[in-house]
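The points below are grouped by topic.

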Amino acid sequence: MQVTGTVLTTRRVDAYHALTVVAPGIAERHRPGHFVSVAVGGPGTSMITRRAFTVHDVKPDYGGTVELVFTVRGPGTAWLAERRARDTLNLVGPLGRPFPLPRDPVHCVLVGDEYGAAVLFPVADALMERGCRVDFLLGGASADRVFGAMRARRMAATTTLTTEDGSLGLRGKVTDALPSVIADTRADAVYACGPMDTLRAVTAVAMEFDIPVQVAVEESMACGIGVCMTCVLPVIGDDGVTRMVRACADGPVFRGERVRFEDVGTIPFDALGAPGGGARHAG
Amino acid sequence: MPVDMRTFLAHVELANPVTTAAGCAASGRELAQFFDLHRLGALTTRSVTMAPRAGRPTPRMAETASGMLNSVGLQGPGIDAFLERELPWLAQRGIRTIVSVGGGTVAEYSELARRLADAPGVTALEVNLSCPNIEDRGRVFAREGAAAAEVIASVRSIMRYDVPVVAKLAPDVADIVSVARACVDAGADALSMINNPLGMAIDTVALRPSLAAVTGGLSGPAILPLAVRCVWQVHAALPGVPLIGVGGVMTGDDAFQLILAGACAVGVGTALFHDPYACLRIERELEDLLQARGFQRLADAVGLAHRPPGSAPRHLLVDSEESSP
């Protein structure tokens, strides 16, 4: 659904911006892993594609609020970073497919790289409600780009932090620390969000341990509702066939082992409808 | 008094003139979660091809000033899956559906027409002529009257007489009127214009083209003036041919421009990416505008901007009649 939300609060979280927006309809329907899209630039803007953001927090105040976390990457997010309390925002959501949650109280490792970690906090809440043990592994290039370390420490059984420059926690990437975290916590499942390279490495580690891994991908989108066909990536279906699926409508959450990370940005030759062999085969 | 928004695409009546543009409504289901598709004048499908197509590599989209570039590459499930899953879904709900088709050869277009000729639920067939012609070094059919006419003549001869064939024209041509005339002479019942003109953007950080496919179709409000010009020129040359005006329509005012230039229906594309309810909003805004200008029927406004200078617009009479007592 599309709503005009009112900005309630804005804050800086280290290197990131967080906006809390009153959007009752979206907050009510939100499940962990859903995202929202925001129109940027105000009326008469020259920026016509929407920006997609994961939801960090959903609260029941004022009928329902959602908190978005983002970093300034271009003119659209720069405009959003300038919003102040009582400004209005055009939101569409909740969009995408949420994270599937385990039925049993299992041990889960939540891996977040940079601000991708934001989406994992509602997941952690939902997992803990089901009696799951939650362990966080958060990382970033430097200390100010590790998102949510404080909150993770408060809620999780253990929290492991990594930075590439060594300014906080272990030096290295989240994936360097992941094998020991999985081993120490006897994890049964991994949930991850972050850049594509991180998700690829997280998936590789989880597959080595032979445990399921759910990843939320960050692809650039124009519409967020499944009509523009620009956010596609190659994913293997239940029937074993690789298809170019939309990150927005078919994702953003996928089973990690189904995503062909090494082929993202290409059309694999064996994908359904690929130029040459694929098309002729299917035709 | 509400404005009569009905319009005719050849002999097919549409309840209102606002349609989705080809390739901007996916299978229809995506928009159905936002609003009732019956409120559209018609839904235009993505261009259906014979075989499934995976499309082009990513990145496929780049935002530009007042527009965007896309190079999706006609990703779609192919005609078999379309006839099995997508068209029946629309047909069962009685949604007016303009089926867009795309092919690499005249034979492929003909085969698509044959497959669609007996399928229930095809309100009209739109022929996407901006596809590379495999038999002509990959140059698009729309770039030249003879190539476009060959496709249209073949498709027209196959489709049932009561299903209008619409030729979708590209603006990247020296003389759009000659291509339009060739299509009409070949049997096109209506014309749709414009398809995306080709554009390109370069990422100044990566120092390479922004799109994996290098070039892409430019859409959005940036191309509205181009669409208005094309509709104007074609309507001036072929006033009796129904035109679907497409290109950069974001508001009712944009749609009204195309109507005044000579379009009897308006396609909404990129606006849907920004606002899933764009079609409904544009239809409402257009109706309000027509009412404010004193029109009782949409049909009275079609091509009205072509009237010679000095002649009185009809609707002013209506205004004075209403205000006199």
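**Chain B: overall build**

Chain B contains 10 helices and 18 strands in this predicted model. Its radius of gyration is 19 Å, close to the 20 Å from the globule rule for 325 residues, so chain B is as compact as a globular protein of that length.

- Along the principal axes, the C-alpha atoms of chain B occupy a box of roughly 65 × 50 × 40 Å.
- Of the 325 residues in chain B, 57% are buried.
- Among contacts in chain B with a separation of 6 or more, 70% join residues 24 or more positions apart.

**Chain B: annotated region**

- An unreviewed UniProt entry places the feature "domain: Dihydroorotate dehydrogenase catalytic" at residues 8-290 of chain B.

- The domain assignment divides chain A into domain 1 (2-95), domain 2 (107-218) and domain 3 (223-273).
- Between the C-alpha centres of domain 2 of chain A and domain 3 of chain A the distance is 23 Å.
- Their contact involves 13 residues from domain 2 of chain A and 12 residues from domain 3 of chain A.
- On the domain 2 side of this contact, α6 (196-208) and β12 (213-216) of chain A each provide at least two residues.
- The most comes from α6(A), with 7 residues on that side.
- By class, the side of domain 2 of chain A that touches domain 3 of chain A consists of 10 nonpolar, 2 polar and 1 charged residues.

Terms used. Residues numbered from 1 in each chain as written. Chains lettered and ligands numbered in written order. Predicted model: local features only at pLDDT ≥ 70, side-chain atom pairs only at ≥ 80, totals over all residues. Helix = DSSP H or I, 4+ residues; strand = E, 2+ residues; numbered from the N terminus. Rg over C-alpha atoms; globule rule 2.2 N^0.38 Å. Buried ≥ 20, exposed ≤ 12 C-beta atoms within 10 Å, placed from the backbone. Contact = placed C-beta atoms within 7 Å. UniProt positions renumbered as here; feature names shortened; annotations may be inferred. Domains from an automatic or database assignment. Nonpolar A, V, L, I, M, F, W, Y, C, P; charged D, E, K, R; others polar.
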